[in-house]
Amino acid sequence: MDDLLSPAFRALSARLGQDRLRVQGPGGNTSIKCRDVMWIKASGTELADAQTDPIFVAVDRYAAKAEAAGAGDGSCKATVLDPANTLRPSIETTFHAALDWPVVAHTHSIATLVHAISPEGRKLAAEKLSGLPATFVPYAKPGLPLTREILARVTGQTQVIVLENHGLICCGNTVEETARIMDEVEDRLAMPVADRGPLPDGPQMPGFERVAESWIAYDPRICELVQAGSYYPDHVVFLGPALPVADGAGDPPTLLVPHEGVYLRDGATSSQRAMTRCLSDCFARLPAEWGADPIGTAAEAELLNWDAEKYRQALAARS
């Protein structure tokens with residue numbers, strides 16, 4: 001059964017996970033399927049470890065596909081083939097199972113996110129991806145809601161799916177084809193980083209580390225945008241809503257102090273550090289003439305109160 005987990009599939013998964021411009025911390029997932037078996041990254045694990053650790057779990061593909069159609073709660077926990085395996089399948093297993101391609105790769109690509117959070121960016125992305133079998137899907141909560149939005153828009157030919165305020169999915173018949181398509185999308189959507197000069201010195205804060213992402217505090221427009229809301233799910237999961245400017249309830253892991261810096265709390269996890277860097281990587285590429293749409297407070301509340309994400313947070317906190 002584990003013959004599906006080829007060296008090429010593991011290598012692609014690890015390459016994506018080790019590139020911070022494609023995957024941050026435990027984000028993203030890959031899957032490979034043959035007939036009734038599908039291997040998919042387990043929740044809370046990291047693609048970067050695909051060649052060294054047992055991060056994949058085998059599920060009954062047709063049972064997971066049935067959950068995508070409403071036969072179950074969408075968690076796919078009951079579809080795991082080995083009862084001794086305590087790993088949970090990714091919260092996004094349903095769309096992997098429902099997409100009729102042998103190899104599916106989902107990333108939180110920075111190049112994609114810059115376009116996918118912006119009305120102007122989404123319009124330009126459609127032009128840049130012209131000629132590819134691509135479709136765009138509006139934001140939905142990961143899991144069954146997102147799967148339903150995807151299935152309502154894809155055809156049997158769709159191999160590129162841009163997820164609004166979320167990321168990228170690429171599909172193929174082989175690992176090599178999937179990698180080629182994903183690399184093509186990355187090349188087409190690549191955006192330059194604004195030249196901001198050296199980072200000014202700023203004050204330190206007891207209990208916090210002033211981080212390289214502090215440039216945000218000196219850009220009035222970006223400073224305002226990151227306080228206005230959250231722009232993709234993993235930001236909410238690992239950092240909380242938006243970027244707070246005061247050390248209030250919940251001990252937020254990251255603080256923004258305008259004109260002084262961005263501060264990461266002592267003891268922050270590697271996932272929290274990665275998501276702070278992700279925010280910087282994304283907004284450093286947002287053109288001055290583009291707007292940005294947050295996912296909204298209702299969507300943030302759904303993510304904060306979701307047991308599946310609390311499980312992923314708990315696993316990620318161990319690293």
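On one side of helix α8, Pro220, Glu224 and Ala228 are exposed. This is a predicted model, so keep that in mind as you look around it. The helix spans residues 220-228, and its buried residues are Ile222, Cys223, Leu225 and Val226.

## The seven-stranded sheet

Now turn to the sheet. Seven strands make up an open sheet with mixed pairing, and their order is β3-β2-β1-β4-β7-β6-β5. The edges belong to β3 (56-60) and β5 (134-137); each has a single partner strand, so one side of each lacks a neighbour in the sheet. From one strand to the next, the twist averages 15 degrees.

Take one pairing as an example. Strands β1 (residues 29-34) and β2 (residues 37-41) run antiparallel to each other and are joined over four bridges. If you want a spot to start from, Ile32 stands opposite Trp39 in β2. Helix α2 (residues 61-68) packs on the sheet, where it touches β1, β2 and β3. The direction of α2 makes about 75 degrees with that of β3.

## Two aromatic pairs

A pair of aromatic rings is described by the distance of the centres and the angle of the planes. How many aromatic pairs does the count give? It comes to two.

One of them joins Phe9 and Phe56 in a tilted arrangement, with 5.2 Å centre to centre and 45 degrees between the planes. Phe9 sits in helix α1 (residues 7-17) and Phe56 in strand β3, so this pair ties together parts that are 47 residues apart in sequence. Are these two residues buried or exposed? Both Phe9 and Phe56 are buried. The other pair is Tyr231 with Phe283: the ring centres are 5.1 Å apart and the planes are at 70 degrees, which makes the pair edge-to-face because angles over 60 count as such. Tyr231 belongs to the loop between α8 and α9 (233-239), while Phe283 is in helix α10, so the pair links parts that are 52 residues apart in sequence. Tyr231 has 2% relative accessibility and therefore counts as buried; Phe283, at 0%, counts as buried too.

Methods
Residues are numbered from 1 along each chain as its sequence is written. This is a predicted model: local features need pLDDT of at least 70, side-chain atom pairs count only at pLDDT 80 or more; totals for chains, interfaces and linings use all residues. Side-chain values use heavy atoms; hydrogens and water are left out. Buried means under 20% relative accessible area, exposed over 50%, partly exposed in between (1.4 Å probe, protein chains only). Helices (H or I, at least four residues) and strands (E, at least two) are DSSP runs, numbered from the N terminus. Two strands pair if DSSP finds at least two bridges between them. Axes are lines fitted to C-alpha atoms, for helices over the stretch in contact, and angles run from 0 to 180 degrees between N-to-C directions. Contact means heavy atoms within 4.5 Å. Rings of Phe, Tyr and Trp (its six-membered ring) pair if their centres lie within 6.5 Å; planes under 30 degrees apart count as stacked, over 60 as edge-to-face and the rest as tilted.
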